[in-house]
Amino acid sequence: MDKIYLDHNATTPVAPEVLHIITSVLRDQMGNPSSVHSMGRSARVLIDEAREQVASLIGASPSEIVFTSGGTEANNLALLGVALGARTGHIVTSQVEHPSVLNPCRQLESLGFVVDRLRVDELGRIDLQALENCLTASTLLVSLQHANSETGVLQDIEKIGKIVRKKGVLFHTDAVQSAGKIPLQVQDVPVDMLSLSAHKLNGAKGVGALYLKKGSPDLFSPLSGGSQEKKRRGGTENVAGIAGFGKACELAQKHLVSQKCLSSLRDHFYQLVSDLIPGVEIFGDLENRLPNTLNLGFEGVEGDTLLIGLDMAGIAVSTGSACSSGSGLPSPVLTAMGIPYDKINSSIRFSFGWSNTTAEIEKAAKILAETVSLNRTGTFADMSNKKLMKSL
Ligand SMILES: *Cc1c(COP(=O)(O)O)cnc(C)c1O
């Protein structure tokens, strides 16, 4: 059975060019980049090249890129790095951040830092006035995401950055979901730190980066060891992963010009789904959204039931329900948007990628309609069947 992968916000397939570099580095470049001999120097060159490619994707300079083990570590480095460097103070974030922002904030709270978590409206957007009101003389850092992984909703990081900079506070943004999907240049946004992850843009898992603006205060390094990454992140570099990350950023930069393809694929899918299935609702701001993400609720049916039904038909998606998050709690993102529990439990996230074809999404829409119809009960079932019958 051919699989149809519609879960690109969870992870993406490694691009063939990236795979080629990773395997050839692992095979042919065994040197430690810190070694002085030629084998070490040649590994160092690979990292330097990747640093340029990653920097170029976001318009940064190579010296502003700190390689990490992924988006999680980049977020931890930003939050813990600033806070522990200052020893005490106030941090502002939001209720809809990734766990790799929320959990370090919780840790900092337990160490005595004060954390404010901004609410979002029903579209998933932060209130800029509330942000401004929140900033105090002891605020060290504001950490607000660029794009939400569950809904694709974009925050206005340009306006946020302006507000934050005016108060002389540092601004970090988690751009793991937006980088490579929409244009993002650090010189256009007043941002001091920005997190990236390779595996969300067709690189390998276990590698990422933190952009750290030139002239930023020294960070406390949660991973201290050797003097790699100018002592901001100790440990022998993941040379192959980093080289692949560089290539992935170069490819993403090329793909950016054709981002419309991705949104038209998604919108085509939504059109088919809403034609075939009654009682479908979109969650999140449609105006300010990633081109590849679609979060839908299906009235009268459990998201988890749909996920399993789709999986058996070879279609990979994810849900915002309590069950699949493993936490026993429904999606905090949709909850913060004020969406009722039963609707959250009926939600499915579809996230598209470069390899998806029109044929695939047409097939997926049809299978989805059948799966919904099969699993709906009561009045919804009748509605579903009628609509499906009419369309066939
Ligand atoms: C995936 C993701 C992360 C974590 O990145 P990893 O490289 O998997 O650690 C952080 N933030 C967002 C928004 C993500 O989607």
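A pocket is an open set of points on a 1 Å grid over the protein atoms alone, where a 1.4 Å probe fits, with protein on both sides within 12 Å along at least five of seven lines. A molecule sits in a pocket if more than half of its atoms lie within 2 Å of its grid points. Here, the ligand sits in the largest pocket. The model is predicted: local features need pLDDT of at least 70, side-chain atom pairs count only at pLDDT 80 or more, and totals for chains, interfaces and linings use all residues. Residues are numbered from 1 along each chain as its sequence is written, and side-chain values use heavy atoms, leaving out hydrogens and water.

**Ligand shell**
- The ligand is surrounded by 13 residues (a heavy atom within 4 Å).
- The closest are Thr72, Asp174, Gln177, Ser197 and Lys200.
- Helix H3 (residues 71–86; helices are DSSP runs of H or I, at least four residues) gives the most to this shell, with three residues.

**Polar contacts (N or O pairs within 3.5 Å)**
- A side-chain N or O atom of lysine 200 is 2.7 Å from a ligand oxygen.
- For histidine 199, a side-chain N or O atom lies 2.8 Å from an oxygen of the ligand.
- Glutamine 177 places a polar side-chain atom 2.8 Å from a ligand oxygen.

**Aromatic pairs (ring centres within 6.5 Å)**
- The whole structure has four aromatic pairs.
- Phenylalanine 269 and phenylalanine 352 have ring centres 5.4 Å apart and planes at 65°, so they are edge-to-face (over 60 degrees).

How values were computed: Polar contact = N/O pair within 3.5 Å; in protein donor to acceptor, adjacent residues only side chain to side chain. 1 Å grid on protein atoms, 1.4 Å probe; cavity = no way out; pocket = protein on both sides within 12 Å on 5 of 7 lines; lining within 4 Å. Helix = DSSP H or I, 4+ residues; strand = E, 2+ residues; numbered from the N terminus. Phe/Tyr/Trp six-rings, centres within 6.5 Å; stacked < 30°, edge-to-face > 60°.
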